Amino acid sequence: MLESGFIHSVKDPLWGNVPFTEGLKAILDTQAAEKLSRIKQNGPAYHIYPGAVHTRLNHSIGVYHIGREMLLSIARKSTELPFTGKGMMSFLAACLLHDIGHFPYAHSLKELSMMEHEEIARHLIEEDDELGAAISKAGADREMTAMIIDKDCSCGDPETAIYRRILSGTLDPDKLDYLSRDAFFAGIPYGRQDTDYIITSLSLSDGTLLLDKSAISSVEQVLFSKYMMYRNLYWHKGVRSATAMIKKAILTALRENVITFNDLYLKDDYEFYALQERFSDYGPFSLIRDVEHGRLLERKAELGYREGETLTEEAERIETRYLAEDKVLSILKKGYPSLRKEDVIIDIPEPISFETDIKILMPDGTVSDASAIGLIFQKAGSLFSSSLRNAALYLPSYVSEDDALEAFKVVRHG
């Protein structure tokens with residue numbers, strides 16, 4: 001089932017020719033999947049890395065390709081598999097559709113207490129008749145596909161649970177594609193993985209995904225690549241500025257009842273940008289226009305993230321961050337009377353993890369936890385995470401760094 005009937009080929013710049021059955025190819029033609037071609041994978045990062053204009057659709061095809069290769073590798077090593085034909089097709093459909101509920105502008109809206117994009121995807125699959133028909137035509141099960149994607153939804157089916165673990169884990173097809181793809185299109189060397197070797201080193205035992213001990217360096221490479229990609233791309237100061245500006249615009253509009261959460265769901269990049277055109281006179285939405293045209297606020301001050309300080313207490317939660325921003329504004333306003341409320345933005349990145357739960361298949365056939373065999377990132381992950389996570393203050397170019405840092409320090413200690 002994983003090799004016959006794949007008569008269509010889609011050319012991917014990263015993985016080459018990606019084979020599809022007629023039914024799986026038809027999923028790409030649905031409106032829900034086609035919308036992904038209008039959402040940039042890395043949102044506003046193209047202002048810093050002009051090549052990073054690849055889309056969620058590109059990425060979804062890559063996840064599907066790696067997911068299929070993983071199933072093939074597991075199947076070749078096994079005499080018995082807990083898989084059904086419908087289950088495997090549901091997994092492949094889930095790989096293609098895992099991002100159909102994703103928000104535009106990368107993760108700019110991720111912290112806004114909105115419905116998770118996996119839950120949105122599940123609802124779409126369950127309710128969209130065109131999508132449901134395409135999934136069935138592909139030989140997949142509509143409900144199973146939805147449940148594989150939304151891993152937080154209660155599910156008692158053991159086969160679905162296996163597919164969930166493959167799609168969402170340390171060495172999942174999502175991560176293996178986006179790290180390599182984002183690095184490729186941004187033109188930076190840090191994210192590329194030895195994906196073929198990782199895939200051929202995977203096996204399945206009692207429903208658990210295992211990695212051969214000989215490939216343990218691959219886990220290290222994935223985790224280190226993740227760190228380097230955050231450092232150089234995802235948390236680049238320009239990318240963080242653009243992301244923080246969009247967050248500030250949307251949060252202010254939500255708090256002041258200009259828009260509701262429903263205005264943000266199921267939008268592509270163009271529809272999201274059009275949202276601010278409906279309220280062209282609303283000041284904070286000028287931030288969205290500025291991002292679109294590459295006019296980004298500058299990082300003028302940066303402080304290490306510390307628990308227990310006034311700044312951390314107020315700015316940790318994105319819903320109350322404006323309180324600390326208003327204090328900075330009141331200090332700087334004396335020397336910069338033209339400074340606007342929306343010109344002052346504090347950015348604190350969300351915590352990230354470098355932990356891994358992958359199980360290691362030892363040469364003697366026993367299974368070990370990754371933590372038991374001395375993975376460097378199991379020990380140093382928290383240090384890497386803390387080295388990346390700082391509180392930053394973004395302001396217009398005319399504000400001096402000395403004035404910004406002084407104001408930031410005053411607010412830091414209350």
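Begin this tour of a predicted model by selecting D206, which counts as exposed because its relative accessibility is 80%, above the cut-off of over 50%. D206 sits in the loop that joins β3 (202-205) to β4 (208-212), and if you display its backbone torsions you will find a phi near 50 degrees, a positive value in a residue other than glycine. Most residues other than glycine have a negative phi.

Next, select L266, where phi is again positive in a residue other than glycine, here near 55 degrees. L266 belongs to the loop between α12 and α13, and with a relative accessibility of 38% it counts as partly exposed.

Stay in that loop, between α12 (237-255) and α13 (269-277), and select D268, which counts as buried because its relative accessibility is 3%, where buried means under 20%.

Now move to A93 in helix α4, which spans residues 85-97; A93 counts as buried, at 0% relative accessibility. For a distance across the model, select L388 as well: the C-alpha atoms of A93 and L388 are separated by 35 Å, and the two residues are 295 residues apart along the chain.

Finish at the surface by selecting E401, D402, D403 and E406, which gather there in a patch of negative charge. Within this group, D403 lies in helix α18, residues 401-412, and D403 is partly exposed, with a relative accessible area of 36%.

Definitions and conventions
Residues are numbered from 1 along each chain as its sequence is written. This is a predicted model: local features need pLDDT of at least 70, side-chain atom pairs count only at pLDDT 80 or more; totals for chains, interfaces and linings use all residues. Side-chain values use heavy atoms; hydrogens and water are left out. Patches are made of residues with over 30% relative accessible area and no salt bridge: like charges are joined within 9 Å, nonpolar side chains (Val, Leu, Ile, Met, Phe, Trp, Tyr) within 5 Å. Accessible areas come from the Shrake-Rupley method with a 1.4 Å probe; for residues, only the protein chains shown count as cover. A salt bridge is a side-chain nitrogen of Lys or Arg within 4 Å of a carboxyl oxygen of Asp or Glu. Lys and Arg count as positive and Asp and Glu as negative; His and the chain ends are not counted. The place of a charge is taken as NZ of Lys, CZ of Arg, CG of Asp or CD of Glu. Helices (H or I, at least four residues) and strands (E, at least two) are DSSP runs, numbered from the N terminus. Buried means under 20% relative accessible area, exposed over 50%, partly exposed in between (1.4 Å probe, protein chains only).
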